[in-house]
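The following note sets out several points on the structure shown below. It is intended to be read beside the sequence and the model.

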Amino acid sequence: FSSGWFSEYFTIVWHAGEPTVLPPEYYRDAIEIIESLKPRNISLIHSFQTNAVRLSRDWVSLIKQFDIKIGVSIDGPAHLHDRFRKTRRGDGTHALTMKGIRLLKDNAINFSAISVLTVEALSHAEEIFSFFVDNGIEQIGFNVEEIVGANKRSTLENVDVAVAYWKFMSTFW
């Protein structure tokens, strides 16, 4: 906090991997420690990017206690989402992610969505749009699939990405 890199508002994003593999108590303790160390003139916002698979009543309690912002990673309908978002056993996570989304909605917790655009997703703009509308998901960010970390290949390697992305976004909006 004494670095000078902080402004009046500061967001801590709990992201990378799946932050909810640690229990809510871990974050409750961490947030309380951080809050005890911060200067009074700094407002902290905590944000989680999650697949929503492990969300529970205890998570709901934590989210509400600290007004945590939630982003859910969901790539649209099951056939698109489950292609790349799998459990360690190789099962798709769509149904579990939707269960987490229902828990958030049932507890009046606002959330946003991040959806990764693969070559297949880029050709399903209308279906993805309908999925988000039908499920009442109104805040959506799109990430174009990239080669980073464990992702050594991309489905977009042989595609004119700029053209495909423009077509997708034009159709989606």
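Predicted model: local features only at pLDDT ≥ 70, side-chain atom pairs only at ≥ 80, totals over all residues.

1. Rings of Phe, Tyr and Trp (for Trp, the six-membered ring) are taken as a pair if their centres lie within 6.5 Å; planes under 30 degrees apart count as stacked, over 60 as edge-to-face and the rest as tilted. By that criterion the structure holds twelve aromatic pairs. In one of them, Trp 14 and Phe 48, the ring centres are 6.1 Å apart and the planes lie at 20°, so this pair is stacked. Trp 14 belongs to strand S1 (residues 9-14) and Phe 48 to strand S2 (residues 43-50), so the pair ties together parts that are 34 residues apart in sequence. Helices (H or I, at least four residues) and strands (E, at least two) are DSSP runs, numbered from the N terminus.

2. Residues are numbered from 1 along each chain as its sequence is written, and side-chain values use heavy atoms, with hydrogens and water left out.

3. Tyr 26 and Tyr 27 form an edge-to-face pair, 5.1 Å centre to centre with 90° between the planes. Tyr 26 is partly exposed at 42% relative accessibility, whereas Tyr 27 is buried at 3%. Ring pairs link Trp 14, Tyr 26, Tyr 27, Phe 48 and Trp 59 into a cluster.

4. Strand S2 also holds Ser 47, which is buried with a relative accessible area of 16%. Leaving aside neighbours within four places in sequence, Ser 47 is in contact (heavy atoms within 4.5 Å) with residues including Thr 11, Ile 12, Val 13 and Trp 14.

5. Ser 73 lies in strand S3 (residues 69-73) and counts as buried at 11% relative accessibility. Not counting residues up to four places away in sequence, Ser 73 touches Gln 49, Thr 50, Asn 51, His 81, Arg 85, Thr 97 and Ile 114. The side chains of Ser 73 and Gln 49 are joined by a polar contact of 2.9 Å. Such a contact is a pair of N or O atoms within 3.5 Å; within protein, one must be able to donate a hydrogen and the other to accept it, and residues adjacent in sequence count only if both atoms are side-chain atoms. The C-alpha atoms of Ser 73 and Ser 115 are separated by 6.0 Å, although these residues are 42 apart along the chain.

6. Most residues other than glycine have a negative phi. Ala 52, in the loop between S2 and helix H2 (57-66), has a positive phi near 70° and is buried at 0% relative accessibility. Asp 67, in the loop between H2 and S3, likewise has a positive phi, near 50°.

Terms used
Buried < 20%, exposed > 50% of the residue type's maximum accessible area, 1.4 Å probe, protein only.
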